Amino acid sequence: MHWHPVLVSSDPTLLLRRASMAGSGDEDESDMTVKVKRYRPGAHHAAFNGRQTWIPLNVERLRQKISNIERLGELPDDLVMSLQITEPFILYNLLSRFEVDKMYTAIGDILVAINPFRDIPGLHSSEKMDEYRDLSERQRLKATPHVFNIADMALHKLTRSWLEGKGRTQAVVISGESGAGKTEQWMKIRFSASSERSLTMVGCHTDHYLLEKARVTSHAPGERNFHVFYQVLRGCPPEQREALHITSKETTDFDVLLAADGSKTSYEGIDDAEDFSNMTRAFSNLGFSPDESEELLRVVVGLLFLGNMRFAEGGDGEHAVPVDDCTLDNNNAADLLGLDPDFLARSLSTKVRTVRSETITSPLTAPASDAARDALSKKTYSLTFDWLMRRINTSMHVPDGAIESFIGILDIFGFEIFEDNRFEQ
């Protein structure tokens with residue numbers, strides 16, 4: 001098996017500060033705790049020991065920290081061709097390319113991708129894909145680094161191995177932290193390596209191991225919840241919006257779409273309405289029935305209303321009761337999830353235990369009811385995701401005996417430590 005590694009990062013500001021401090025003698029432990037939250041032209045949103053701030057980019061200061069930079073010449077696409085291989089230079093190269101919208105850099109067979117958190121026009125277009133299709137070995141070595149080049153390389157080596165009777169499969173390993181864009185790269189590789197003259201793509205199968213369910217109920221400042229929530233709210237046609245009780249609703253009307261500090265998040269260059277159209281078209285292409293597509297949307301929006309439910313302490317100080325202005329949210333959530341409104345409210349504010357043959361119902365406090373609401377949201381989203389994966393695999397089923405070779409793409413889940421750590425971390 002031949003491996004094609006792809007490294008994905010979402011920390012351009014961290015690259016800047018690490019490179020600018022390297023060898024300067026002014027490294028400070030507090031400075032090294034930078035965590036990038038979101039990119040915007042000319043600045044980066046970072047957290048310094050928990051304090052949020054925008055810091056300006058200063059590439060010239062970075063250049064001054066690298067010795068003999070005037071002798072480096074043009075920054076190469078492939079860092080293996082660099083005149084020097086040092087951490088400051090590698091970081092400077094990555095940052096300098098990132099600043100001119102070159103998010104991809106090669107290090108030999110490894111592709112490094114820096115997530116721009118915005119759409120770069122033409123970067124992943126059909127025309128760009130054609131530039132990397134069926135390249136010769138010499139052309140592939142000279143090609144500008146791109147995820148499409150990785151896809152074409154894997155497919156080319158798979159085909160050559162098959163023609164030589166070796167039957168070697170290919171593997172693409174995508175590694176990076178949570179939210180860096182690994183799954184986006186996985187999608188680009190999967191659907192650009194779709195055909196070759198000597199082979200026919202007969203299907204695919206997807207396994208998933210760990211879903212970041214915690215994002216359903218909360219996310220860090222500068223980040224978004226799962227994209228589908230925004231896509232439904234901004235892309236549903238009027239007739240669907242009425243059926244989903246979101247006729248006049250915006251993203252700011254739902255608590256789970258606000259960051260932990262109460263701020264809203266929007267990204268320039270992301271067209272949620274267009275993405276919703278692409279998603280519904282994909283459902284149709286995969287053979288989803290109208291009822292299946294509609295039920296999926298009902299669950300998604302139902303979780304938005306469920307996240308708006310709030311509980312307060314009752315008169316006895318121990319019994320949680322839904323706050324009055326959440327009644328409509330409770331009713332909408334119950335309708336979309338196929339539940340009775342009273343049953344939903346009661347289930348989230350009480351605990352039922354069976355001791356021997358006796359059933360005991362006891363009240364929950366308001367914090368415990370909030371935790372029960374979040375647990376229900378995460379479990380429902382997880383089960384829905386499981387069903388979606390099974391349904392897609394059914395549509396893309398590979399007939400027995402049809403597989404001669406395959407390309408395996410491993411999207412390794414990221415690992416990091418958040419302020420609020422759950423099971424996934």
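Visitor: What share of the 425 residues in the chain do buried residues make up?
Guide: The model is a predicted one. A residue counts as buried when its relative accessible area is under 20%. For the 425 residues of the chain, the buried share is 44%.

Visitor: How many helices and strands does the secondary structure of the chain come to?
Guide: Among contacts with a separation of 6 or more, 64% join residues 24 or more positions apart. The chain exposes about 22,600 Å², of which carbon and sulfur atoms supply 52%. Its secondary structure comes to 14 helices and 14 strands.

Visitor: Which element gives the largest share of the largest nonpolar core?
Guide: That core has 40 residues, and Phe-229, Val-232, Leu-244, Ile-246, Leu-257 and Tyr-381 touch the most other members. Two or more residues each come from α8 (227–235), α10 (272–285), α11, α12 (327–337), α13 (341–349) and α14 (366–395). The largest share, 9 residues, belongs to α11.

Visitor: How many of the 17 residues of α6 are buried?
Guide: Helix α6 covers residues 147–163 and should span 24 Å, which agrees with the 25 Å between its end C-alpha atoms. Just after α6, Gly-165 takes a positive phi of about 80°. The helix is largely enclosed by the rest of the structure, because its count of buried residues is 13.

Visitor: Which residues does Val-232 touch, not counting residues up to four places away in sequence?
Guide: Val-232 is one of the residues that touch the most other members of the largest nonpolar core. A contact here needs heavy atoms within 4.5 Å. With residues up to four places away left out, the partners of Val-232 are Arg-241, Leu-244, Ile-246, Phe-276, Leu-297, Val-300 and Val-301.

Visitor: What separates the C-alpha atoms of Gln-240 and Leu-297?
Guide: Gln-240 sits in helix α9 (residues 238–243). Beyond four places away in sequence, Gln-240 touches Phe-276, Glu-294 and Leu-297. Gln-240 and Leu-297 are 57 residues apart along the chain, and their C-alpha atoms are separated by 9.4 Å.

Visitor: Is the aromatic pair of Phe-229 and Tyr-381 stacked, edge-to-face or tilted?
Guide: The structure holds 5 aromatic pairs. In this one, the rings are 6.0 Å centre to centre with 45° between the planes. Stacked needs planes under 30 degrees apart and edge-to-face over 60, so the pair of Phe-229 and Tyr-381 is tilted.

Visitor: Which helices does the pair of Phe-229 and Tyr-381 link?
Guide: Both residues are buried, and together with Phe-226 they form one aromatic cluster. The pair links distant parts of the chain, 152 residues apart. Phe-229 lies in α8 and Tyr-381 in α14.

Visitor: Is Leu-79 buried or exposed?
Guide: Leu-79 is found in the loop between α2 (59–64) and α3 (87–99). Beyond four places away in sequence, Leu-79 touches Ile-85, Ile-90, Asn-93, Thr-105, Ala-106 and Ile-107. Its relative accessible area is 1%, so Leu-79 is buried.

Visitor: Is Arg-356 buried or exposed?
Guide: Arg-356 is found in the loop between β12 (350–355) and β13 (358–363). Its phi is near 60°, a positive value in a residue other than glycine. With a relative accessible area of 82%, Arg-356 is exposed.

Visitor: Which loop holds Gly-181?
Guide: An unreviewed UniProt entry carries a "binding site" annotation that covers residues including Gly-181 and Lys-182. At 18% relative accessibility, Gly-181 counts as buried. Its place is the loop between β7 (170–176) and α7 (182–192).

Methods: Residues are numbered from 1 along each chain as its sequence is written. This is a predicted model: local features need pLDDT of at least 70, side-chain atom pairs count only at pLDDT 80 or more; totals for chains, interfaces and linings use all residues. Side-chain values use heavy atoms; hydrogens and water are left out. Helices (H or I, at least four residues) and strands (E, at least two) are DSSP runs, numbered from the N terminus. Buried means under 20% relative accessible area, exposed over 50%, partly exposed in between (1.4 Å probe, protein chains only). The expected span of a helix is 1.5 Å times one less than its number of residues. UniProt positions are given in the numbering used here, feature names are shortened, and annotations may be inferred rather than shown by experiment. A nonpolar core is a set of buried Ala, Val, Leu, Ile, Met, Phe, Trp, Tyr and Cys residues joined through side-chain atoms within 4.5 Å. Accessible areas come from the Shrake-Rupley method with a 1.4 Å probe; for residues, only the protein chains shown count as cover. Rings of Phe, Tyr and Trp (its six-membered ring) pair if their centres lie within 6.5 Å; planes under 30 degrees apart count as stacked, over 60 as edge-to-face and the rest as tilted.
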